[in-house]
Amino acid sequence: MAVWDIVVFWSFMFFSAGAAVPSVNYPFTSTCAVTGSTVILRCTFTPLKQVIRVVWCKNHEICQGQTPSVYDSKSDSRSSRYRYLGDKRSNCTLEIREVWKDDDGTFRFRMEATDSSAHFTNKTGVMLEVVEEMKMEVNVSGGDRELRSGETVTLRCTSRCTFHQLQVTWLRDGHTLSQFGPTLQIGPLTAEDSGNYSCALKTNTETTSAPFSLQVKVDAADKEMDRALSLVVGLVIGVLLLAGITLTILFTIIIIRRRRAAADRQRAVGGDTEQKRSDETDSSVLQLAKRQADELQKTRQAEEDDSYISIQFRQKGQDRRDRPEEEEEAVVYSSVRG
Ligand SMILES: *[C@@H]1O[C@H](CO)[C@@H](O)[C@H](O)[C@H]1NC(C)=O
Ligand SMILES: *[C@@H]1O[C@H](CO)[C@@H](O)[C@H](O)[C@H]1NC(C)=O
Ligand SMILES: *[C@@H]1O[C@H](CO)[C@@H](O)[C@H](O)[C@H]1NC(C)=O
């Protein structure tokens, strides 16, 4: 019968030259599963004719005849552990739940079309290995060697048997890292990356690997460099701080000096106003009196100068509110002028 199938298939191929070849593809041909877990066997197919029956069987070359199938679209008596996730057009994915020891074996997919010449089974199949427990392992790319700072290292999470579509989580010193996936890249390495790394299947913490101790060797030269760098940074900060303090002091001195100079000038112009406000000493009062006397002298000297008198008049007039006696003086000047 099998031989007949093949003869029919090849004669069909011969007479339908140019037509597509039927095919079934398994993205991975072997996988591993822990008892009690769920495993998905990926599968795609390209039929020649309309498919009317899809079958998955275990440990049989072409899933035909008396072979008990784990899934048969034409039969209702099948275990609910096997679920066909595919269809009759292109997807032939099979899910196996609550995997147990007896599932160990090779699974194959068979399609049957309206025309028996288009029946097809890919004998490669998917080999499923069922294990009691799965312990992950951490390996480092490039083998065990000394790791230096600045390098990049790739840690690989593996297990004795291969697995697919299972998410791997990483731990460092017992804490879960944010990275997922079968590899973990770390770098550029620094001394802080040293630690105990382990990995596990996300769905099963019992698979957590033995810790892998990553030790980053920091070169003596690098250490020296680090020390020199921190020294320079410290120095720069110190200098900046000092400059800041000096500038602040300088500014304060300048401001004080300017204020003093301004106060002196104000005293020279309108001394009595200042006098009223501040607590002047006897000598400054004397100085002020002398200055006022001088001023008066100067005014007299310049009596003939029109412009001077007008300036003087204006100046006195500005402070009229404060100094009524000077207003009188101004009146005197103006009358002199008149
Ligand atoms: C059978 O499956 C294997 C694995 O996916 C694939 O490499 C091969 O091409 C398939 N053969 C046919 C005829 O579909
Ligand atoms: C086949 O179906 C499964 C389940 O629905 C799905 O996860 C998978 O992506 C499908 N594959 C393709 C190639 O469409
Ligand atoms: C890593 O593990 C070793 C032994 O298991 C231990 O001596 C060491 O202190 C651990 N390191 C860290 C950073 O936890």
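Me: A polar contact is a pair of N or O atoms within 3.5 Å; within protein, one must be able to donate a hydrogen and the other to accept it, and residues adjacent in sequence count only if both atoms are side-chain atoms. Which residue has a side-chain N or O atom 2.3 Å from an oxygen atom of ligand 2?

Reply: This is a predicted model, in which local features need pLDDT of at least 70, side-chain atom pairs count only at pLDDT 80 or more, and totals for chains, interfaces and linings use all residues. Residues are numbered from 1 along each chain as written, ligands are numbered from 1 in the order in which they are written, and side-chain values use heavy atoms, without hydrogens and water. Around ligand 2, with a heavy atom within 4 Å of it, stand Arg42, Thr44, Leu85, Asn91 and Thr93. Arg42 places a side-chain N or O atom 3.1 Å from a ligand 2 oxygen, whereas the 2.3 Å pair belongs to Asn91.

Me: How much of the accessible area of ligand 2 does the protein bury?

Reply: Accessible area comes from the Shrake-Rupley method with a 1.4 Å probe. Taken alone, ligand 2 exposes 360 Å², and the share that the protein buries is 43%.
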